[in-house]
Amino acid sequence: MKELRTRLIAAIVAGLALGGTALAQVEITYWHGFTGPDLPVMEELVAEFNATHPDIHVTAQAIAWGPLFQQLEPAVAAGQAPDVVALNEDVITGFILRGAVAEMTPDMLAAAGVEGERFFPSLWETGVVDGKVYGVPIHSVMLVMYYNKDLFEEAGLDPDDPPSNREEFLEAATALTVDANGNHPGDPGFDPSSLQRYAVGIPTPWMGGTIAYAVAAQNGVTFVGSADEGYAPTFDSEAAQEAVQFLVDIGSEHHFGPADATEGSEIDAFRQGVAAMNFNGVWMLSQYRDAGLDFGVAAFPQLGTERYATWGGSSHLVLPVQRNPDPAKVEAAMTFIGWMTQPEQNLKWTTAGGLPTQPEVASSPEYAENPMASLSDAMANTYVLTGFPFLAQFRGAWDAAFEAALHGTAVDQALSQGVSEAAAAIQEGLLSLP
């Protein structure tokens, strides 16, 4: 009897203890769009956070990016927003202007262990508007150059020294491009209509616009004006024209690739060993590995004239605006954001294919074996549009203008038309703001 009584008391104490824990535990919800190969890594990180923070429990929900963006604003309006959301760089500013994302004050960031100087500046600034912080970088991608080492060797090029600037690119592309009779561009009798293998195709629409964005950024182009300038698009400048004309000439003048390339055709050509180079995102790594190619990954070369730059994208953890903010949930959400964006977690996140968000991780011995480690120098010069709420309106017009130029429209005319279309779309967007 005494033993039974002891067991009952122990069970009651344990129950009370569990009940006390449950009562003290803060439940928060987290929406993100990492639904591809990166989903298992995200799920592991959330599980690790929950295991190491018994006073907080995070319930994560993976939603494809498009539906997530569509659901967030109505959820905020209905007072049913999650506590933490991952947003991409091309939508974050729009949600801020629409009042759907809350500021993270310096005190909140400090309490969560988030220091802005720890991150690559271009990534950190993406989550900052008017000096106020709204998002902490968790994920980064960039435009890179894949190249076929076997084709480089066949062309007499060093497979460990891919082109890094315009001059080297033109020289390598000439050596890599061969017609059916073995002639190279510039040789007598060269026939661009019978390419046996070629250097690289410049595709349309989105990937072509992304490549053009990188080269224009290398020319120092400012694509869209500031808020004080009414977000006026400015991408018809002489510097932008020079960048676009250079890319158009790769196909139409130099014949380094097909004039009718698409992103899909270029991926196929690279996988089949027909194209020696492919400009695409870091997310293509696994596909090219599966193709059994002997290939390298290098920073997108400096094809522009003024500085090094490449296109990049990113995702940021943010706090949606709550109708009735619960201080305990806000504190728990910031604890989660602070933990998820620490170097240890960022290093683990790179196993999913993303790039480091912080120089400390990019230069760490643990990251040195990652195939993307060679891109570390380029990460500090990855440019995304920051503080601009109408990226979709800009990108649609920019991509269409570049596609028109590739298909034969005079570059100045194509960009001028693109600026007009972007200006109209941005004005429409401004009028739609609350």
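R98 counts as partly exposed because its relative accessibility is 30%, where buried denotes under 20% relative accessible area, exposed over 50%, and partly exposed the range in between, with a 1.4 Å probe and protein chains only. The structure is a predicted model, in which local features need pLDDT of at least 70 and side-chain atom pairs count only at pLDDT 80 or more, whereas totals for chains, interfaces and linings use all residues. Residues are numbered from 1 along each chain as its sequence is written, and side-chain values use heavy atoms, with hydrogens and water left out.

R98 is placed in the loop between helix 4 (92–97) and strand 4 (101–102), helices (H or I, at least four residues) and strands (E, at least two) being DSSP runs numbered from the N terminus. Although R98 and L433 are separated by 335 residues in sequence, their C-alpha atoms are 6.3 Å apart in space. When neighbours within four places in sequence are left aside, R98 is in contact (heavy atoms within 4.5 Å) with E73, S432, L433 and P434.

In soluble globular proteins, nonpolar side chains tend to be buried together. A nonpolar core is defined here as a set of buried Ala, Val, Leu, Ile, Met, Phe, Trp, Tyr and Cys residues joined through side-chain atoms within 4.5 Å. The largest such core holds 80 residues, of which Y146, F169, F223, L247 and W398 touch the most other members. For W398, the contacts beyond four places in sequence are G209, A212, Y213, A216, F223, F235, V244 and L415. A second, separate core comprises 33 residues, including V41, F119, I337 and W339.

Across the whole structure, 25 aromatic pairs are found; rings of Phe, Tyr and Trp (its six-membered ring) pair if their centres lie within 6.5 Å, and planes under 30 degrees apart count as stacked, over 60 as edge-to-face and the rest as tilted. Y30 and F336 form an edge-to-face pair, with 5.1 Å centre to centre and 65 degrees between the planes. This pair links distant parts of the chain, as Y30 belongs to strand 1 (residues 26–32) and F336 to helix 13 (residues 327–340), 306 residues apart; both Y30 and F336 are buried. Y288 and F295 are likewise paired edge-to-face, at 6.2 Å centre to centre and 80 degrees between the planes. Y288 counts as buried because its relative accessibility is 0%, and F295 counts as buried at 15%.
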